[in-house]
Each structure stands twice: as structure tokens, then as C-alpha cells.
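Thanks for coming. I have one structure to go through today, so please look at the sequence and the model first.

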Amino acid sequence: MESPGPGGPPLVQAPYTVLLLPLGTSRQDPGAQNFFLWLQMMQALEREQDALWQGLELLEHGQAWFADRLRETQQRQLQLGALGEDFLMDLHSEADAPQLTQIQKVNACLHSLIHKELSKQRKGVTQSTGEVVNQAPPGPKGPTLV
């Protein structure tokens, strides 16, 4: 998978190699256990990174797809407006109902993923500074007393 590097040519992701070095003969050896845990964490991070690169590439393709569908929908809306009362001749929009459901599911999944990540980042900032930030709950605000 190739992705553009920051201000430069595309970055090429090379497969990674795992090298196991014997640290002791006992499974109870703390050095071996630490190394094994470190190795597991590195592999998990590599898998996450691979998934993120794949997601980024999909988002780029998805953005182009969404832009094309948006233009097509706007064109259909203009055509329908031009048809006026003869709109019953054009039944094309009913065939897109299942696709609309899938688009809404994708939007909901992306929203959920991004919202969870933002919540984690806010919690991390408050915990690292040691300050508790009182945030007003979302929704309409009452009148301001002066």
C-alpha cells in the first residue's frame, strides 16, 4: 500500500520481520517475559498501523465516491425540478433507497469512531494536566444573567 509522505514522494510500507532471541531457558525468566510482552505490543501496534493506513486509503477513495454521488444527486434534483408535475415519469430515486441506508450506516460508524477518539483525547488532556474542566452539557443554554 502506498500513501503520500508529508510533502514528498509516497511512502512504501515494507513487511516487517520478527527476530526472536533466546533470553533464558526458563519460561519464568523476567527478561524473556518482558521481551515477549514488548514483542506482542509491537506486533499489535504494527497491525493497528496497517489498519490505519488501509482506512486512510479507503477514506480517500470514499471521499471521491461521496463527491461523485453528491454531484449526481444534485443533477437528479435539478432534473426533477425541471420535470415539474411530470416527476412520476422518473422513478430512478426509489432504486437508491438501499444505498441510502448503507451510506447512513457508514456515516454513523465514522461518527461513532471519531467521537470515541475525541472523548479519549479530552480525558487524556484532563488527566495529564491534573485539572478538572467543567464542561456544560450539550444542548440549549439558558439566559445569561448579568
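I will go through a surface patch, a pocket and the salt bridges.

Keep in mind that this is a predicted model.

I'll start with the patch. Leu59, Phe66, Val106, Leu110, Leu113, Ile114 and Leu118 form a nonpolar patch on the surface, and together they have about 600 Å² of accessible area. Helix H1, 30–83, and helix H2, 97–129, each give at least two residues to the patch. H2 has the largest share, with five residues. Val106 is in H2, and its relative accessible area of 40% makes Val106 partly exposed.

Next, the largest pocket. Its volume is about 260 Å³. The lining consists of Leu52, Gly55, Leu56, Leu59, Leu110, Leu113, Ile114 and Glu117. Again H1 and H2 each supply at least two residues. By class, six of the lining residues are nonpolar, one is polar and one is charged.

Now, how many salt bridges does a search of the whole structure find? The count is three.

Glu117 is partly exposed at 38%, while Lys120 is exposed at 56%.

Asp68 and Arg71 pair at 2.4 Å, N to O, and are also three residues apart, in H1. Asp68 is partly exposed at 31%, and Arg71 is partly exposed at 48%.

Lastly, Glu72 bridges to Arg69, with 3.1 Å between the closest N and O atoms. Both sit in H1, about one helical turn apart.

Methods
Residues numbered from 1 in each chain as written. Predicted model: local features only at pLDDT ≥ 70, side-chain atom pairs only at ≥ 80, totals over all residues. Heavy atoms only, no water. Patch = residues over 30% accessible without salt bridge, like charges linked within 9 Å, V, L, I, M, F, W, Y side chains within 5 Å. Areas by Shrake-Rupley, 256 points an atom, 1.4 Å probe, with all protein chains shown as cover. Salt bridge = Lys/Arg side-chain N within 4 Å of Asp/Glu carboxyl O. Helix = DSSP H or I, 4+ residues; strand = E, 2+ residues; numbered from the N terminus. Buried < 20%, exposed > 50% of the residue type's maximum accessible area, 1.4 Å probe, protein only. 1 Å grid on protein atoms, 1.4 Å probe; cavity = no way out; pocket = protein on both sides within 12 Å on 5 of 7 lines; lining within 4 Å. Points joined across faces, edges and corners; volume = space filled by probe spheres on them. Nonpolar A, V, L, I, M, F, W, Y, C, P; charged D, E, K, R; others polar.
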